[in-house]
Amino acid sequence: MKLSEILQPLAELKLMVHPPRMMVDLEVQGIVSDSRQVQPGSIFVAIAGLTFDGHDYIFQAVQNGAIAVVGERADIEISVPYIRVVNSRIALATLSAAWNGFPARKMRVIGVTGTDGKTTTCNFIYQILKTAGYPVGMISTVSAVIGDETIDTGFHVTTPDAPQIQDLLAKMAAREPHPITHVVLETTSHGLAQSRVSACEYDIGVFTNITHEHLDFHGTYENYRAAKALLIEELEKTVQKDQGNIRLAVLNRDDSSFEYLREVVNRFSAVKMVAYGRSLEADIRAENIEIINQKPRFTIVDSNGKRAFVQLNLMGEYNIYNALAAWCATVEGLGIRAEVAAEGLRQVSAIPGRMERVELGQPYLAIVDFAHTPNALRNALISARKLTKGRVIAVFGSAGLRDREKRWQMAEIGVKLADICILTAEDPRTENLEAILLAMKSGADAAGGVEGKNYFRIADRRAAIRMAVRLARAGDVLIVLGKGHEQSMCFGEIEYAWDDRVALKSAIAEQLGIPGPAMPYLPS
């Protein structure tokens with residue numbers, strides 16, 4: 001693409017161009033925001049991050065061959081065109097979309113956000129669309145799925161950066177012989193606040209819940225909630241598509257965020273709304289709920305009184321809400337038949353790292369779950385309790401450089417709902433691990449816990465899991481929480497390969513005296 005051509009979508013963001021006479025015949029070879037990735041012909045977008053400011057690396061980018069630079073600062077004097085913009089992050093997303101031919105405009109894009117349940121809801125929607133016969137893709141925190149191809153989205157990823165998202169969408173749009181027509185995009189508050197998902201041209205925005213999380217980044221719950229609500233604004237921004245526009249916000253009627261989000265929807269005349277829940281006020285609600293072997297089945301009733309029976313093959317009563325959210329997006333939003341949606345929901349039987357069982361012949365139930373927020377921990381432990389007449393043994397921690405308040409909250413919840421809690425490392429990063437565990441101790445003590453009796457502090461997650469295995473008796477449930485599907489753990493600034501499922505299998509195999517995987521390494 002020519003430089004002048006790819007810069008056209010930035011018209012509303014541009015403040016100035018220096019020098020005024022641009023070299024319009026230059027060929028662009030790519031869009032990058034890391035000066036180390038610049039190749040001859042790249043456009044370098046300078047972004048002021050939390051740790052580093054890309055504007056400080058502009059000269060390096062030019063030396064590496066950048067033919068133009070986009071940034072926010074006014075004091076930049078360089079030998080190549082410099083395009084000053086209002087917001088570099090939005091510029092990066094817009095340029096990345098333009099470079100890839102605006103792929104999201106060629107498909108239906110369903111965004112899913114919330115504190116808990118995003119990945120499960122994405123999988124429900126994906127399977128419903130697949131059951132309906134649509135060529136469907138999905139970008140989640142676990143992986144990207146393009147037809148039969150699965151792409152790992154990396155260590156500790158929330159929503160990928162804008163260039164990666166647009167590249168994945170472009171691959172979906174160009175898939176042969178059947179281009180992807182519908183994509184499900186797991187959309188985090190970070191992704192929204194940092195404009196990684198600008199130019200994703202959302203058709204439907206789904207909200208699971210908004211509870212206590214990520215206050216380390218957003219500062220307050222109100223800021224966190226406002227970041228989530230940006231998904232509604234993205235619905236309004238979506239360009240007119242050839243296939244028409246839906247612009248539907250799917251809200252949880254029973255969540256504390258509902259009234260706030262409804263007010264946000266009302267600010268945008270083009271955005272419609274549907275609310276789901278278990279309360280009578282919901283447009284789409286669940287009735288006649290039964291839990292058989294921890295798997296819910298229920299009747300979905302719409303605002304016209306039409307009823308449909310749904311049976312889930314995932315454990316946990318909380319998955320009723322995730323299923324209702326997926327139903328609203330597909331049946332109400334996309335017009336998929338109720339019986340097709342019900343079959344799609346039924347077909348989802350396992351999601352990596354979500355109440356995932358580890359079976360090596362041990363006499364107790366061993367589970368790995370991603371629960372890393374107070375609300376998710378509560379739901380996971382309630383579900384675990386219903387699986388046994390024995391004890392619940394829980395292993396979990398709280399991440400460093402993240403929301404500090406949830407540390408004592410999670411320990412308090414653990415002590416109240418589990419028989420034994422083992423508090424341990426969970427991505428301490430550059431924080432002092434012992435200090436994190438001390439903060440968790442305060443919550444455990446406040447809940448009536450007695451250290452050495454019903455809760456323990458073991459900094460080494462390997463030793464914590466091994467201790468839980470030693471303590472587990474026939475009929476107990478041992479649940480390791482917080483990491484789920486993730487493939488690494490961060491100590492200092494280093495990501496060490498780590499998988500809770502592998503670690504738990506290793507510990508159980510050691511106990512049973514059978515061959516098993518080696519225990520992953522972690523720094524002590």
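Met489 stands opposite Tyr496 in strand β24. The structure is a predicted model, in which local features need pLDDT of at least 70 and side-chain atom pairs count only at pLDDT 80 or more, while totals for chains, interfaces and linings use all residues. Residues are numbered from 1 along each chain as its sequence is written, and side-chain values use heavy atoms, with hydrogens and water left out. Strands β23 (residues 488-491) and β24 (residues 494-497) run antiparallel and are joined by four bridges; two strands pair if DSSP finds at least two bridges between them. Two residues lie between the strands of this hairpin, where Gly492 takes a positive phi near 65°.

Helix α3 (residues 88-99) has twelve residues and reaches 16 Å from its first C-alpha to its last, close to the 16 Å expected at 1.5 Å a residue; the expected span is 1.5 Å times one less than the number of residues. Helices (H or I, at least four residues) and strands (E, at least two) are DSSP runs, numbered from the N terminus. Nine of the twelve residues of α3 are buried, so the helix is largely enclosed by the rest of the structure. Buried means under 20% relative accessible area, exposed over 50% and partly exposed in between (1.4 Å probe, protein chains only). The buried residues include Ser88, Leu92 and Leu95. At the N-terminal end, Asn87 caps α3, with a side-chain oxygen 2.9 Å from the backbone nitrogen of Arg89. Just after the helix, Gly101 takes a positive phi of about 80°.

Thr115 lies in the loop between β6 (108-113) and α4 (118-131). At 6% relative accessibility, Thr115 counts as buried.

Conventions
Polar contact = N/O pair within 3.5 Å; in protein donor to acceptor, adjacent residues only side chain to side chain.
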